Amino acid sequence: MASTKTTVGGQILRCRADRSCSLQPGVIELTDETITDIQFGSIPTTVDFGDENTLVTPGLIDTHLHLPQFDSIGALGMPLLDWLSQVIFPAEAKWNDLDYARKMIKRVIEQCVSVGTTGVCAYSTSSYQATIAALEMFSEAGIRGVIGQSLMDRGGPDELTIPTDRLIDEVQSALQLFPSDRRMATAVTPRFALSCTEKTMRSVAHLAKEFRATIQTHLAETRRECHVISDHFDGMEYTEVYETMGLVTERSVFGHGIYLDQTAIGRLRNANAVIAHCPTANSFLGSGVMNRHDHLSRQVRLSLGSDIGAGFERSMVRVGRAMVEAAIAKQFQSDAFDSTGSVDFSCVPKASEAWYQITAGNAEAMGWAEAGRIQIGHPADLVVIHPTIPWRDSGDALSTVMFAWDDRWIRQTILRGVVVDLSPI
Ligand code: GUN
Ligand code: FE
């Protein structure tokens, strides 16, 4: 195997030219073999195995997805609240049948792994049994992350509505079974402020604090939703509702966050909370375009999610690409574009930043110290990619790979050093 100097912070991945990774069980270790990295700033995003047409990336991380919605992708033409009641709630009610749920969870795991996703921050349904099944099966598959019971004790159909006290007990049981030090752990998941009573929101916020668990919910996704929230909570602003309930914390991940004023942004920033940007879902449901550049300039932490099934892309590479497209689309609404007719590309992330976001950036947002980077001693969650185009010849190799992306280029997904069989999808 030809040798070039590695620049991955002096750290080299054990991986053979014959393409079979021979990693020590579970972790990345040093070898004298050769790779070079492609960086975002000082952060390595992917490694390039010089002589082979091989690119290795840290396993991709999806910080907002709904496991029971994988079969509902593509229900076009409805805004959020109608889509929820007409499409999503009936689909999620099917998970009350545990056999059905288990079969679907198996398929969802296969689909995640086939597109290189090795880490998830995911919603289940309001069924406790189905949620535990999802936690068990994702854990067995070796995927990292958190999954939460999608809490609903008001505002939904009977099949998904659980009595308040039972719901709170179930959250506690799940937290005990899958505590936050597990590779696959329970997330405290009030679906959104319209589906939970105040008692539930306050109680689960306490449980999240006690168990140091991730909190995930939806925030300011559509204008109509914001108005309904304000009517329901005596004129309160959406973020303030969650803050009052104790749900705005440094371990909170808020899906969408499109319609937030300065005060709301300030609340999130002060708590060090995260907004999970979901560009594909935002366009599919016609919700709006999140101002990523503005959020970042106000020092709010951001992550990126597929939001399947409002989002239609399983692949985080494609979602990363959609993040770039959304940033360009946002520019069309700017005064600068009106006056000059040109997009200000300094407000648009480069491919290397998008790739950073779907790996190390999302890991940082989730507080997963051992994920998202190719680093000695870290669990070997990796994706081996063979692009079938001359990607090295372009001025920006990663941009070429990202925008010419073909899912068939994924040759291996590796979880804790074990190559996963990608055949059944
Ligand atoms: N708000 C409350 N529930 C949901 C959901 O399932 N998907 C999306 N996109 N928004 C929500
Ligand atoms: Fe969502």
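View 1. Helices here are DSSP runs of H or I with at least four residues, strands are runs of E with at least two, and both are numbered from the N terminus. A word on the model: it is predicted, so local features need pLDDT of at least 70 and side-chain atom pairs count only at pLDDT 80 or more, while totals for chains, interfaces and linings use all residues. Residues are numbered from 1 along each chain as its sequence is written, chains are lettered from A and ligands numbered from 1 in the order written, and side-chain values use heavy atoms, leaving out hydrogens and water.

**View 2. The two ends of α2.** At the start, a side-chain oxygen of Asp97 comes within 3.1 Å of the backbone nitrogen of Asp99. Just past the other end, Gly116 has a positive phi of about 85°.

**View 3. The buried residues of α2 and what covers them.** Among the buried residues of α2 are Ala101, Met104, Ile105 and Val108, where buried means under 20% relative accessible area (1.4 Å probe, protein chains only). The run from Ile109 through Glu110, Gln111, Cys112 and Val113 to Ser114 is buried too. Their cover includes the strands β4 (60-66), β5 (117-123), β13 (410-415) and β14 (418-420), along with helix α3 (128-141).

**View 4. Who surrounds ligand 1?** The residues around ligand 1 are His66, Gln69, Leu80, Trp83, Leu84, Arg191, Phe192, His218, Glu221, His256, Asp307 and Ala310, each with a heavy atom within 4 Å of the ligand. Helix α1 (residues 80-93) gives the largest share of this shell, three residues. By class, the shell holds five nonpolar, four polar and three charged residues.

**View 5. Ligand 1 up close.** An oxygen atom of the ligand lies 2.7 Å from an N or O atom in the side chain of Arg191. On the nitrogen side, one ligand nitrogen is 2.7 Å from a side-chain N or O atom of Glu221, and a ligand nitrogen is 3.5 Å from such an atom of His218. Taken alone, ligand 1 exposes 280 Å², and the protein buries 100% of that (areas by the Shrake-Rupley method with a 1.4 Å probe; for residues, only the protein chains shown count as cover).

Notes. A polar contact is a pair of N or O atoms within 3.5 Å; within protein, one must be able to donate a hydrogen and the other to accept it, and residues adjacent in sequence count only if both atoms are side-chain atoms. Ala, Val, Leu, Ile, Met, Phe, Trp, Tyr, Cys and Pro count as nonpolar, Asp, Glu, Lys and Arg as charged, and the others, Gly among them, as polar. Buried means under 20% relative accessible area, exposed over 50%, partly exposed in between (1.4 Å probe, protein chains only). Contact means heavy atoms within 4.5 Å.
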